[in-house]
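Please look through the structure below from the whole chain down to a single residue. The paragraphs that follow take it in that order.

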Amino acid sequence: MNVRRPLLLALAAAALLVGVFAAYSTLRPGAAPAKFEALDITGVDWGKGFELTDFNGRPRTLADFRGKLVLLFFGFTHCTDICPTTMAKLGQVMRRLGADAGSVHGLFVTVDPKRDTPQVLAQYVPAFYPAFLGLYGTEQQTASAAKEFKVYFQAQKPGESGFYTVDHSGPVFALDRRGRPRLLIRPEINAESMARDLRILLKEPVG
């Protein structure tokens, strides 16, 4: 199997997603000048929630995190490129935020629940930042959550060894303290710029 194919497909899907939202942000009536480094998706009618379980066995919905910013990323632990790179960057962002990090939740939603058991997620996710939380669901719950956030994923056919990879798009979504999708964070945005954007969101009133 060409190991570059999943990465190329994921990057292509992410580029398409970013392009669509960039056009939306630029062309929507009354669009204000950009104040964020990330793509402003304020006002979209999707990304309203999920029903998943954290690696401690606790059922979770988006409402559980109301009052704090949420950084949401869909990936899988056997990923060798975009997932660890993104998670490492999110860890850098949290450290740059300093005391403000306590007002931010980092959530990793697995698109490979067959292999990403609670035990696997509990080891993998906090390795990037201790407070990060891993979420999983049934195949139906996973598909529903991904669809709600317009995330593409598809498991590939296993090789002779039984190993398989999962093609997926790789945006990070920032949701404000009212639980609304606000930013689509592109891979090329660095940790410093991400931290700056989050501080802007943190200054907004919750009510």
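Of the protein's 207 residues, 48% count as buried, where buried means under 20% relative accessible area, exposed over 50% and partly exposed in between (1.4 Å probe, protein chains only). This is a predicted model, in which local features need pLDDT of at least 70 and side-chain atom pairs count only at pLDDT 80 or more, while totals for chains, interfaces and linings use all residues. Residues are numbered from 1 along each chain as its sequence is written, and side-chain values use heavy atoms, with hydrogens and water left out.

The protein has five helices and 10 strands; these are DSSP runs numbered from the N terminus, with at least four residues of H or I for a helix and at least two of E for a strand. Eight strands form an open sheet with mixed pairing, in the order β1-β10-β9-β4-β5-β6-β2-β3. Two strands pair if DSSP finds at least two bridges between them. Strands of a sheet pair through backbone hydrogen bonds, either parallel or antiparallel.

Which strands lie at the edges of the sheet? They are β1 (39-40) and β3, each of which pairs on one side only. The partner of β3 is strand β2 (residues 51-54), and the two run antiparallel over three bridges. In this pairing, Thr 53 stands opposite Pro 59 of β3. Helix α2 packs on the sheet and touches β4 (69-75), β5 (104-110) and β9 (172-175). The direction of α2 makes about 165° with that of β4, where axes are lines fitted to C-alpha atoms, for helices over the stretch in contact, and angles run from 0 to 180 degrees between N-to-C directions.

The largest nonpolar core has 60 residues, of which Phe 50, Leu 72, Phe 74, Phe 149, Phe 173 and Ile 185 touch the most other members. Such a core is a set of buried Ala, Val, Leu, Ile, Met, Phe, Trp, Tyr and Cys residues joined through side-chain atoms within 4.5 Å. Helix α2 (residues 82-97) gives the most to this core, with seven residues.

Finally, consider Arg 60, which lies in strand β3 (residues 59-61). Is Arg 60 buried or exposed? Arg 60 counts as buried because its relative accessible area is 12%. Its side chain is joined to that of Asp 54 by a polar contact of 2.9 Å (a pair of N or O atoms within 3.5 Å; within protein, one must be able to donate a hydrogen and the other to accept it, and residues adjacent in sequence count only if both atoms are side-chain atoms). Leaving aside neighbours within four places in sequence, Arg 60 is in contact (heavy atoms within 4.5 Å) with residues including Phe 50, Thr 53 and Leu 133.
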